[in-house]
Amino acid sequence: MDELKEWLGEDNQLACDILRKKYLQEGETVEEFLNRISAGDEDVKLLIKEKKFMFGGRIAANRGLQHQGKKITYSNCYVMKPPEDDLESIFETAKQMARTYSRGGGCGVDISQLSPKGARINNAANETSGAVSFMELFDLTTKLVGMRGRRGALMISMDCSHPDLDDFISIKNEADKITKANISVRVSDEFMNAVVNDDLFDLVFKRKETGEEIKKTIKAKDMFMKLVEMNWKQAEPGILFWDRITDYNFCLL
């Protein structure tokens, strides 16, 4: 009998396939895998063998590989510093994403600090293609620098007050765009109150470099219903209730 099936169960083909493709190294036996991730701790090894305990994904995949000269991480996900509103910062973020993926980590990034489409810029382009356009750069980076047995993992978020919000919500209507990233809108209490009261809501962005202010006024309920409809159709965007998240953040106490 296959040693994986002997350990995980003869009928548990899914678990066997996942472990073989994503966690065992090439040619690694179950016993070698258990020894590697338990780091010689017999108590830990027994708990894993008896299926009473298992490390998180990147630990289970990578623990011990540094002794083979591999550059790895034990953390699944990393929050990237939001790119500032300039090309150098945007491409530096892509670079950091690529390095994180190469070691097995996933990334989350917020693009709310990037100028909306049509904002004036002081270079040959005259105006920016918008925050949403740079999602394709981050998506491509995720596609190019994958991991053994799994693609890179990326979450892109945008604040509900950004003038490119409509484009952000709608981006997954195009099947060939942003195929390697999940997206979520950072929703504020102010926005949700405007939805409940059927009020207008301002989308505002001010460029530090030029002082230009881009402003759009929307019906909050209409935008919210568009978000809901897209989520129903495409399972995205998700919603991050940002004020609630901030209130519950122990790091800010």
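**A buried serine and its surroundings**

Modeller: Serine 38 is buried, with a relative accessible area of 3% (buried means under 20%, exposed over 50%, and partly exposed in between, using a 1.4 Å probe and protein chains only). This is a predicted model, in which local features need pLDDT of at least 70 and side-chain atom pairs count only at pLDDT 80 or more, while totals for chains, interfaces and linings use all residues. Residues are numbered from 1 along each chain as its sequence is written, and side-chain values use heavy atoms, with hydrogens and water left out.

Serine 38 belongs to helix H3, which covers residues 30-38 (helices are DSSP runs of H or I with at least four residues, strands are runs of E with at least two, and both are numbered from the N terminus). The side chain of serine 38 reaches the backbone oxygen of asparagine 35 at 3.4 Å. Once its neighbours within four places in sequence are set aside, serine 38 is in contact with Val44, Lys45 and Arg63 (contact means heavy atoms within 4.5 Å).

Elsewhere, two helices pack together. Helix H6 (residues 87-102) and helix H7 (residues 135-144) meet at an angle of about 20 degrees, and their axes are 9 Å apart (axes are lines fitted to C-alpha atoms, over the stretch in contact, and angles run from 0 to 180 degrees between N-to-C directions). H6 and H7 are therefore roughly parallel to each other, a term for angles under 35 degrees. From H6 the contact draws on Ile90, Phe91, Thr93, Ala94, Met97, Ala98 and Tyr101, and from H7 on Leu137, Phe138, Thr141 and Thr142. Of these residues, eight are nonpolar, three polar and none charged (Ala, Val, Leu, Ile, Met, Phe, Trp, Tyr, Cys and Pro count as nonpolar, Asp, Glu, Lys and Arg as charged, and the others, Gly among them, as polar).

Several loops hold particular backbone features. Isoleucine 178 has a positive phi of about 50 degrees although it is not a glycine; this residue lies in the loop between helix H8 (165-170) and strand S4 (182-187) and is buried, with a relative accessible area of 3%. Aspartate 198, likewise not a glycine, has a positive phi of about 55 degrees. Aspartate 198 sits in the loop between helix H9 (189-196) and strand S5 (200-206) and is partly exposed, at a relative accessible area of 37%. Finally, the peptide bond from glutamate 236 to proline 237 is cis, with omega near 5 degrees; proline 237 is placed in the loop between helix H10 (220-234) and strand S7 (238-241).

Conventions
Parallel < 35°, antiparallel > 145°, perpendicular 65-115°, else oblique. Polar contact = N/O pair within 3.5 Å; in protein donor to acceptor, adjacent residues only side chain to side chain.
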